[in-house]
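Subject: The structure I promised you

Hello,

Have a look at it first, then read on whenever you have a moment.

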Amino acid sequence: MPFFIFISGYFFNRDLPIGKYITKKVKNHLVPALLVNAACGVLYVCMKKFGLISYGGTVTWKSFLVTPFTSGYQFYINVSLWFIFALFVIEVISCLMDRLARHKADIGYLIFTFTLAIFCSIIAFYKYNSIQNLYLNAAVRLGFLMFFFWLGVCYRRYFEKVFKPWLNV
């Protein structure tokens with residue numbers, strides 16, 4: 001997953017105004033993910049009603065709107081969908097961070113997010129089976145992945161011209 005986050009950072013569009021950028025991300029990421037989540041919820045309810053599965057909880061507004069952002073295990077049949085929700089949050093936070101610094105703090109954000117990723121990795125390593133707070137779990141996941149997003153941003157802006165001659169592309 002870090003590689004996909006890196007690619008998203010590489011294609012980060014800093015030229016769009018903040019409102020248009022967030023609207024675009026809602027339209028391209030959040031709405032389709034919520035539609036797929038709703039379809040999986042309907043499928044989950046049907047499968048549970050007919051006795052095809054016996055695991056999982058109940059379908060609620062919380063499992064539909066909040067759980068995808070916290071754990072990503074809302075219906076257990078669409079667990080890979082957590083990535084889209086995490087990517088959406090990372091892109092919105094990164095857009096806000098970038099606009100606050102007026103596009104001038106890329107390396108600073110890279111260093112900050114690297115430190116954050118190390119910190120989150122330590123938390124995840126020592127608390128892997130004991131993180132009961134789903135919001136902390138989501139924060140650890142986002143903190144770890146945010147570094148790869150900014151690595152993609154910085155690679156495109158600064159490092160690509162350094163590595164391009166070596167890659168013979």
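Phe149 is buried, with a relative accessible area of 0%. Please keep in mind that this is a predicted model.

I began with the rings. A search of the whole structure turns up 15 aromatic pairs. In one of them, Phe12 and Phe149 sit edge-to-face, with 5.4 Å from centre to centre and 70 degrees between the planes. Phe12 belongs to the loop between α1 and α2 while Phe149 belongs to helix α7, so this pair ties together parts that are 137 residues apart in sequence. Phe12 counts as buried too, at 8% relative accessibility.

Phe12 also makes an edge-to-face pair with Trp150, at 6.1 Å centre to centre and 65 degrees between the planes. Trp150 lies in helix α7 and Phe12 in the loop between α1 and α2, so here the parts tied together are 138 residues apart in sequence. Trp150 has 0% relative accessibility and therefore counts as buried, the cut-off being under 20%.

What else does Trp150 touch? Leaving aside residues up to four places away in sequence, its contacts include Arg14, Ser94, Met97, Asp98, Tyr109 and Leu110.

Elsewhere among the rings, one aromatic cluster is formed by Phe3, Phe4, Phe6, Tyr10, Phe11, Trp82, Phe83 and Tyr155.

**The nonpolar core**

Which residues touch the most other members of the largest nonpolar core? They are Ile5, Phe12, Ile90, Phe149 and Trp150, out of 29 residues in that core. Two or more residues come from each of α2, α5, α6 (106-127) and α7 (134-167). The largest share is that of α5, which supplies eleven residues. As background, nonpolar side chains tend to be buried together in soluble globular proteins.

**Salt bridges**

How many salt bridges does a search of the whole structure find? There are three.

- Arg14 pairs with Asp98, and their closest N and O atoms are 2.5 Å apart. Since Arg14 is in the loop between α1 (2-10) and α2 (18-49) and Asp98 is in helix α5 (residues 82-100), the pair ties together parts that are 84 residues apart in sequence. Arg14 counts as buried at 15% relative accessibility, and Asp98 is buried with a relative accessible area of 1%.
- Lys25 pairs with Glu91, with 3.6 Å between the closest N and O atoms. This links distant parts of the chain, as Lys25 is in helix α2 and Glu91 in helix α5, 66 residues apart. Lys25 is buried with a relative accessible area of 11%, and Glu91 is buried as well, at 3%.
- Arg99 meets Asp98 in a salt bridge of 3.4 Å, N to O. Both Arg99 and Asp98 are buried. Through shared partners, Arg14, Asp98 and Arg99 are joined into one network.

Helix α5 is mostly covered, with 15 of its 19 residues buried. At 1.5 Å a residue, its 19 residues should span 27 Å, and the end C-alpha atoms are 27 Å apart, which agrees. Just after α5, Arg102 has a positive phi of about 55 degrees.

Helix α2 has 32 residues, which should span 46 Å at 1.5 Å a residue; the end C-alpha atoms are 44 Å apart, in agreement with that. Where does α2 bend? The bend is at Val26 and is about 35 degrees. Buried residues in α2 include Tyr21, Lys25, His29, Leu30, Ala33, Asn37 and Tyr44. The cover over the buried residues of α2 includes α3 (61-65), α4 (67-70) and α5. Just after α2, Gly51 takes a positive phi of about 75 degrees.

Best wishes

Notes
Residues numbered from 1 in each chain as written. Predicted model: local features only at pLDDT ≥ 70, side-chain atom pairs only at ≥ 80, totals over all residues. Heavy atoms only, no water. Salt bridge = Lys/Arg side-chain N within 4 Å of Asp/Glu carboxyl O. Helix = DSSP H or I, 4+ residues; strand = E, 2+ residues; numbered from the N terminus. Buried < 20%, exposed > 50% of the residue type's maximum accessible area, 1.4 Å probe, protein only. Core = buried A, V, L, I, M, F, W, Y, C linked by side-chain atoms within 4.5 Å. Contact = heavy atoms within 4.5 Å. Expected span 1.5 Å × (residues − 1). Bend = angle between axes of the 7 residues up to and from the residue. Phe/Tyr/Trp six-rings, centres within 6.5 Å; stacked < 30°, edge-to-face > 60°.
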